[in-house]
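Me: I've got a structure to get through before class. Can you walk me through it in short answers?

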Amino acid sequence: MGIPSKYSAESVETKWYDYWMTHNYFHSTPDEREPYTIVIPPPNVTGVLHMGHMLNNTIQDVLIRRARLKGKNACWVPGTDHASIATEAKVVAKLKAQGIDKNDLSREEFLKHAWEWTEEYGGVILDQLKKLGCSCDWDRTKFTMDDDMSEAVIKVFVDLYNKGLIYRGYRMVNWDPEAKTTLSDEEVIHVEKQGFLYYIKYQVEGSDDTLVIATTRPETIFGDTAICINPNDERFVHLKGKNAIVPICGRVIPIIEDEYVDVEFGTGCLKVTPAHDENDKVLGDKHHLEVVDIFNEDASLNSFGMHYEGQDRFVVRKAIVKELKEANKLVKTENYTNKVGTSERTKAIIEPRLSDQWFLKMEDLAKPALDAVLTNGDVKLFPKKFENTYRHWMENIRDWNISRQLLWGQQIPAYYYGDGKEDFVVAETIDDAHTLIKEKGISIERDDIRQDSDALDTWFSSWLWPMSVFDGIRNPENEEIKYYYPTNDLVTGPDILFFWVARMIIAGYEYKDQRPFENVYLTGLVRDKQRRKMSKSLGNSPDALKLIEDYGADGVRVGLLLSSAAGNDLMFDEDLCQQGKQFANKIWNAFRLVKGWDVDDTIVQPNSSKIAIEWFESKFQKTIADIEDHFSKYRLSDALMATYKLIWDDFASWLLEIIKPAYQQPIDAKTLEQVIVLFEDILKILHPFMPFLTEEIWQYIEERSPEEALIIAEWPETKTINENLISEFDFASEVISGIRNIRKQKNIAFKDAIAFSAVNNENVSTSFDEVISKLGNLESFEYINESVEGALTFRVKSNEYFIPMEGSIDVEAEVKKLTEELNYTEGFLTSVQKKLSNERFVNNAPEQVVASEKKKEADALAKIETLKSSLASLQ
């Protein structure tokens, strides 16, 4: 087979991915081998490949390919998440574009559209992962809304309800007015926003007195049901027991007393709006206040908003401020910065809202998961710094609001048989529900039973992911869950440490009494060179597929991993992908060089080649040991860099140079055979990082059967490391560099052999003398006891090396060149010193300019000394 002169990533990647798929290398079934299991953090079904996915999945693929080479039964389960809020929003937008209102559709009609949308777009991101080289077991692809996955979710809901852990409660929740659903606290992002503090005057009933309250939300005065003062605040003693009148709406409300009021904030008088503020709700319950909800589900005002009914809350805010001003009720307005809750998905500003919702009691469930990470180390977080975040969340855990006012998702399995809030049963199916209702002695037709219209929070399905992908909830004793669970490594982002990771650990201990995974590697966020988070809105996120097209999948994988120090944010620089592409070309060219040598079976292996191969074998083993250590600490960037340096520096720059035959001369068979074996071992350790390039070269080295493909080869075996040989070579390489530097400085052509001698004060081994002779092109190499006068010299530690000038350089030409350089430098020094002796310049010029001139002076003085020394040695 002719080896192409250039490496073509595009054709190679398609060829080998198809080959791997055809031969089913990615598929795993339980057998006698040790399992190594990863479950993918399922990307949203709405998703397309972005830089975060690229990093996360590259890391997973590196781990899975390495496990496969190490002889483990590697199983990487892919799949997608139905992403209730995000997907429903996409479907609603699509319907709207077609002139269809979601509210005009039945649940079944809407779900039909949602499934159509999912089938059209749902697999896009998984197909894109294939371009990156991800070796997932595609036969196992799961979707969180698959029938079996949904059955598992419903089964868990019923079980937790029967254990008394799920309950229905009327609570203050986070309401997303755009998605028209509740959100859990973790789905609310608190964003600092610049707003205003409005000081509003309230009339005290039956008098000319007024009081002033400060609020950031003047539109909520329609929901005020009390004014609260601190009983210890002497400023407001005269208000105790009185009533106030709410501006505009004229509602009479009591003035209550509670030490909750901060006398330092605002005016010391607090308006109480129990329907629209969590703290106000607590006050309202304590003082038995009326609750007036002023908002519709889209955050427009309802009939309590009077003449503002139907208008958006922010439109009303501007209008009501104007009306209050005209009525002389607005005292003043101040700039005010506060943190505003926004929806993670829709970016809408959250409204606190009272609502009937389903909750899961978390306090007792969380304890085993807390101990697993912080006490017994069953689950390890990398980097360890995230343990503090984990502890904070888990020790302050609140009941989980698991219901969403959405259609897309698993429908809550609560079935109502009456009009009362408690007239329901919880069951896996409507038939089971019908049976339970009849057991209560209630006669009702099956068709008259009404299922709760809410859907479950998306995370309530994905917290079961490591179990449900192996059918471990429905069939807890099946062969696959027993073999693959618990899984080994989870690779994900720290932003979902609580949302997903902690909840999976909770579910694992509740349903398997085991951890779901052993190690959690939390990647950093992908940022640009200016440290900004990559996002569509900033336009700083490159097109992932375009990067693969430009640099090859292997080049992009290398670029991502070189950018990514363990667990820290990744400062992505496209130049690193270029570096990855250049690395691929370097390896390809090294392979073409080796395969291009003619072989002569009659040549005896030179000692220089023999010792160089022995050295590289030890260097290779040392690198493998370093790589093992890096992988154990999830320092994948360091593992790649160790591999990179071994190939670029030790293999390509040193070993191949040492063994390379003279121009148009053949190589001995033994050396070539040994270097090919070393090259194959290099391909094995590089394969997890650069799967396509390595498989291509592996298959070019010799014809291989499918059973001999690199993807399922054996990881190199561990052998003893000769540390002495490594340190001896390090010393020899410095000697070679010293010879090369003198050749370069003195313009001694490499084709001209030179004499060489050394005073061996260090008692260095002579093992690499033949290597030094070959790479330095020495005509002779002898050890002497005294320095050589008038020779070119350099030192390595206390050893001194000499190259006689006679015959090596044209002394007359060298003296002339050095003299000219000395004269120029002395003239330059004079001009700099003249400037520095000028007091006006020194006193008036900027500090950095003066400092620059002083550095020029110091550099010139050092250079003059070196040039004079060189001239003295020549004369």
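Me: Which residue in β23 stands opposite Lys-380?
Reply: Asn-519 does. Lys-380 belongs to strand β15, residues 380-382. Strands here are DSSP runs (E, at least two residues), helices are runs of H or I with at least four, and both are numbered from the N terminus.

Me: Is this an experimental model or a predicted one, and how are things counted?
Reply: This is a predicted model: local features need pLDDT of at least 70, side-chain atom pairs count only at pLDDT 80 or more, and totals for chains, interfaces and linings use all residues. Residues are numbered from 1 along each chain as its sequence is written, and side-chain values use heavy atoms, leaving out hydrogens and water.

Me: OK, back to β15 and β23. Do they pair parallel or antiparallel?
Reply: Parallel, over three bridges. Two strands pair if DSSP finds at least two bridges between them.

Me: Which other strand pairs with β23?
Reply: Strand β22, residues 487-492. That pairing is parallel too, over five bridges. In it, Val-491 of β22 has Tyr-521 of β23 as its bridge partner.

Me: How many of β23's six residues are buried?
Reply: Five, so the strand is mostly covered. Buried means under 20% relative accessible area, exposed over 50%, and partly exposed in between (1.4 Å probe, protein chains only).

Me: And β1? Why is it called largely enclosed?
Reply: Because four of its five residues, 35-39, are buried. β1 also pairs with strand β2, residues 73-77, in the parallel sense over five bridges. There, Ile-38 has Trp-76 in β2 as its bridge partner.

Me: Which strands make up the open sheet with mixed pairing?
Reply: Four of them, in the order β29-β28-β31-β30. The edge strands are β29 (778-783) and β30 (791-796), and each pairs on one side only.

Me: What about β28 and β31?
Reply: They run antiparallel, with three bridges between residues 754-759 and 799-804. Ser-757 has Phe-802 in β31 as its bridge partner.

Me: Are Cys-134 and Cys-269 buried or exposed?
Reply: Cys-134 is buried, at 0% relative accessible area. Cys-269 is buried as well, at 6%.

Me: Now the rings. How many aromatic pairs are there?
Reply: A search of the whole structure finds 47. Rings of Phe, Tyr and Trp (its six-membered ring) pair if their centres lie within 6.5 Å; planes under 30 degrees apart are stacked, over 60 edge-to-face, the rest tilted.

Me: How do Trp-16 and Tyr-19 pair?
Reply: Edge-to-face, 5.0 Å centre to centre, with 85° between the planes. Both lie in helix α1 (residues 9-22), three residues apart, about one turn of the helix. Trp-16 is buried at 7% relative accessibility, and Tyr-19 is buried at 18%.

Me: And Trp-588 with Tyr-700?
Reply: Edge-to-face too, at 6.0 Å and 70°. Trp-588 lies in helix α17 (residues 574-596) and Tyr-700 in helix α21 (residues 691-701), so the pair ties together parts 112 residues apart in sequence. Trp-588 is buried at 2%, and Tyr-700 at 16%.

Me: Which cluster are those two in?
Reply: One linked by ring pairs, whose other members include Tyr-7, Phe-591, Trp-615 and Phe-768.
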